[in-house]
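The sequence and the model are shown first.

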Amino acid sequence: LSLHDALPISMTDEARFAALQRRWYTRRQSEFLTLVLLNIGYSLRRQHAALFRVADGSCTTEFVRGLMQRHLATRRVFDRQTQVFRTGSRMLYDVIGEPDSRLRRAAEPDAVTQRLITLDVLIACRERPYLATEAEKVDFFTDLFNVPVAALPGHLYRSHRPDVPPTTRHFVDRVPVLLGSDDLTFVYVQRWAPLGAFAGFLNAYTSLLRRLPHAVIRFC
């Protein structure tokens, strides 16, 4: 069984593309939006052009203008010239089946940098399918590799209300997992933080990695 054929069937990318195409967007625009919404929440003009290997010109301008005019994205300028677009529209996340995604929230500048680097890596690996959401990753590793849920990287969240039980969320770091023909690549992007953060990532993922036949960590 190829890992390509083992993708979870929660809501496939093709279904997401089709849903976005029913709401004003072309196939290419839908592909870019899905990539951004599932993984990053932020993007640059040049990344839209890079995904399709075209010049940053009128097509990108039209796409960005449409998002802004429909109030589906906001723009922030860094260093007086770098335009960063945050796509936090609840409507768009509803369309792709992720209405509760935390990527809708605004992030601090260092986290935005980390996300933009992650998007660059995903664009560079555009030919490889990937796992983005918590549900996709949990289903994939538990179903295909029989990894116990307890062995997946998780974080326990406790409510301030005594009547609400604690909840464990998995893969809260949102590290993308690229699928190869016979291997998995975990894309770890180091923002401006001590290198010890990478050690923390390795510790959190050790139980999972030990249960995989072949895994690669791409440190960026």
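## Helix 2 and helix 6

In this predicted model, helix 2 and helix 6 cross in the right-handed sense. Helix 2 covers residues 27-39 and helix 6 covers residues 109-124; their axes are 11 Å apart and the packing angle is about 135°. An angle over 145° would count as roughly antiparallel. Helix 2 and helix 6 are therefore classed as oblique to each other.

On the side of helix 2 the contact is made by Leu35, Val36 and Asn39, and on the side of helix 6 by Leu119, Leu122 and Ile123. Five of the residues in this contact are nonpolar and one is polar, while none is charged.

## Helix 1 and helix 2

Helix 2 also packs against helix 1, residues 13-21: the two axes come within 9 Å and cross at roughly 120°. That angle makes helix 1 oblique to helix 2. The crossing of helix 1 with helix 2 is right-handed.

Helix 1 contributes Asp13, Glu14, Arg16, Phe17, Leu20 and Gln21 to the contact, and helix 2 contributes Arg27, Ser30, Glu31, Leu33, Thr34 and Leu38. By class, the residues of the contact between helix 1 and helix 2 are four nonpolar, three polar and five charged.

Strands in the order 1-3-2 form an open sheet with antiparallel pairing. Strand 1 and strand 2 are the edge strands, each pairing on one side only. Strands of a sheet pair through backbone hydrogen bonds, in either a parallel or an antiparallel sense.

Strand 1 (residues 42-43) is joined to strand 3 (residues 82-86) by two bridges, in the antiparallel sense. Here serine 43 stands opposite phenylalanine 85 of strand 3. On the other pairing, strand 2 (residues 74-78) runs antiparallel to strand 3 over five bridges. Phenylalanine 85 of strand 3 is the bridge partner of arginine 75, and glutamine 83 of strand 3 is the bridge partner of valine 77.

Strand 2 and strand 3 make a hairpin with three residues between the strands, and in this hairpin aspartate 79 takes a positive phi near 55°.

Strand 4 and strand 7 (residues 177-179) run antiparallel and are joined by two bridges. Leucine 131 has valine 177 of strand 7 as its bridge partner.

## The chain as a whole

The protein chain holds eight helices and nine strands. Its C-alpha trace spans about 50 × 45 × 35 Å along the principal axes.

How does the radius of gyration relate to what a compact globule would have, and what is the value for this chain? For 220 residues, a compact globule would have a radius of gyration near 17 Å; the protein chain has 18 Å, which agrees.

Key
Residues numbered from 1 in each chain as written. Predicted model: local features only at pLDDT ≥ 70, side-chain atom pairs only at ≥ 80, totals over all residues. Heavy atoms only, no water. Axes fitted to C-alpha atoms, helices over the stretch in contact; angles between N-to-C directions. Helix = DSSP H or I, 4+ residues; strand = E, 2+ residues; numbered from the N terminus. Parallel < 35°, antiparallel > 145°, perpendicular 65-115°, else oblique. Left-handed = near helix turned anticlockwise from the far one by under 90°. Contact = heavy atoms within 4.5 Å. Nonpolar A, V, L, I, M, F, W, Y, C, P; charged D, E, K, R; others polar. Pairing = 2+ DSSP bridges. Rg over C-alpha atoms; globule rule 2.2 N^0.38 Å.
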